[in-house]
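Good morning, everyone. I will walk through a few spots.

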Amino acid sequence: MDLLHRPRRLRKNDAIRDAVAETRLHPAQFIQPYFVKPGSGYRDPIAAMPGICHFTTDTLVKDVEAGLQLGLDKVLLFGVKEPKSEEGEAAWSERSVVPGAVRALKQAFGSDLYVITDVCLCAYTTHGHCGLVHDHEVVNDASVERLTRMALAHAQAGADMVAPSDMMDGRVGAIRRHLDAQGFTGTALMSYAAKFASAYYGPFREAAGSAPGFGDRRSYQMDPRNGREALREALLDEQEGADVLMVKPALAYLDVLARLRARTDLPLACYNVSAEYSLVKTAAAAGLVDERRMTLENLHAFARAGADLIITYHGREVLEQRWL
Ligand code: PBG
Ligand code: ZN
């Protein structure tokens with residue numbers, strides 16, 4: 001055949017494939033989520049998320065230390081609180097589990113570890129919603145006020161970055177102003193900017209005990225049918241002072257990530273959420289797919305679509321197994 005263009009020439013072997021690869025993954029991009037409970041001496045596997053555990057502060061510090069040795073130097077902390085309360089006051093208490101864990105991690109590792117905290121009420125409220133509930137409705141402005149207190153408690157404990165995941169309107173600006181007013185101008189803010197009302201959070205809600213007790217989250221999280229609105233949400237958060245914008249979930253929303261990449265110069269993050277993780281793990285355990293190849297394919301897709309930072313439960317294992 002008289003063919004001028006033969007793209008296969010550049011796929012001949014690893015040497016040339018690696019040379020022309022357009023995306024590369026680096027451990028510095030990975031953020032490892034952790035679920036932290038009150039108490040001590042506890043490290044309990046989460047059935048819905050094979051390989052992921054609940055930790056107490058002491059076992060968390062040990063596990064993070066092992067991760068650090070592999071180059072995993074960014075963590076995202078979720079508090080798991082029992083018993084819960086109607087307004088979720090524990091969420092903004094400095095004596096609560098997340099501020100305690102942040103202090104312990106900072107004492108152990110200082111600036112070798114970058115500590116990010118999830119800011120949201122759903123793991124602390126009896127109704128399991130991400131804000132306060134008045135007359136069966138999740139109210140916006142009163143919720144934002146509580147979230148600013150929660151972010152401050154985390155900043156005071158030493159968090160490097162706070163990450164509000166509630167999707168209330170105006171919370172990024174309110175948190176930024178509150179932190180600045182209290183002298184925490186250097187605490188960074190990563191906004192869950194386009195967070196969709198997704199079925200892919202199922203395993204997480206079991207892990208965090210944060211499933212809504214009535215209704216669902218569609219009055220505050222985004223409608224999966226909308227892409228333009230996701231850009232609007234994200235650009236509002238940029239205007240309100242977010243340092244990093246996140247799209248969540250990741251796999252089903254790569255179009256949003258790619259479109260947002262073209263609209264902002266801020267760093268972008270994506271959250272490779274719990275069911276995205278558990279689907280890979282269970283399919284691999286059933287012998288249906290090659291776990292290493294599928295995991296790397298997904299992670300490269302995030303980078304290709306425009307993610308700088310990747311929040312993923314796979315991070316630790318990828319580095320442990322030296323898959324990169
Ligand atoms: C809570 C929160 C959720 C996740 C992160 N923060 C669940 C939800 O909104 O119900 C999901 C993470 C995951 O599924 O891995 N605001
Ligand atoms: Zn929430």
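Start with a lysine and a phenylalanine. The charged end of Lys248 sits over the ring of Phe204, 5.9 Å from the ring centre. The charged end of Lys248 also sits over the ring of Tyr201, and there the distance to the centre is 4.6 Å. Keep in mind that this is a predicted model.

Let me show you two of them.

First, a word on how we describe them. A pair of aromatic rings is described by the distance of the centres and the angle of the planes.

Take Tyr271 and Tyr313. Their rings form a tilted pair, 6.1 Å centre to centre, with 45° between the planes. Where do these two sit in the chain? Tyr271 is in strand E11, while Tyr313 is in the loop between strand E12 (309-312) and helix H11 (315-320).

Tyr271 has 1% relative accessibility, so it counts as buried. Tyr313 has 3%, so it counts as buried too.

Next, Tyr277 and Tyr313. This pair is also tilted, with 5.6 Å between the centres and 55° between the planes.

On to the strands. In a regular strand the side chains alternate between the two faces of the sheet. Look at E12 with that in mind. Leu309 and Ile311 are buried on one side, and Ile310 and Thr312 are buried on the other. Both faces of E12 are covered.

What are the partners of E12? E11 is one of them: the two run parallel, joined by four bridges. Here Tyr271 comes back, as the bridge partner of Ile311. E12 also pairs with strand E1 (residues 30-37), in the parallel sense, over two bridges. Ile31 stands opposite Ile311, and Phe30 has Ile310 as its bridge partner.

Phe35 has a partner in each: Phe78 in E4 and His54 in E3. How enclosed is E1? Seven of its eight residues are buried, so the rest of the structure largely encloses it.

Now a helix. In H8 (residues 254-261), the buried residues are Leu254, Val256, Leu257 and Leu260. They cover an arc of only 160° around the axis, which puts them on the same side of H8. Among the elements covering them are strand E9 (188-195), helix H7 (228-239) and helix H10 (291-305).

Last, the nonpolar cores. The largest has 81 residues, and Leu60, Leu77 and Leu105 have the most contacts inside it. Helix H4 (residues 141-157) gives the most to this core, with seven residues. Apart from it lies another core, of 28 residues, including Ile46, Met190, Ala208 and our Tyr277.

That is the tour. Thank you.

Terms used. Residues are numbered from 1 along each chain as its sequence is written. Chains are lettered from A and ligands numbered from 1 in the order in which they are written. This is a predicted model: local features need pLDDT of at least 70, side-chain atom pairs count only at pLDDT 80 or more; totals for chains, interfaces and linings use all residues. Side-chain values use heavy atoms; hydrogens and water are left out. A nonpolar core is a set of buried Ala, Val, Leu, Ile, Met, Phe, Trp, Tyr and Cys residues joined through side-chain atoms within 4.5 Å. Buried means under 20% relative accessible area, exposed over 50%, partly exposed in between (1.4 Å probe, protein chains only). The arc is that of the directions from the helix axis to the C-beta atoms. Contact means heavy atoms within 4.5 Å. Rings of Phe, Tyr and Trp (its six-membered ring) pair if their centres lie within 6.5 Å; planes under 30 degrees apart count as stacked, over 60 as edge-to-face and the rest as tilted. A charge sits over a ring if NZ of Lys or CZ of Arg is within 6 Å of the ring centre and within 35 degrees of the ring normal. Two strands pair if DSSP finds at least two bridges between them.
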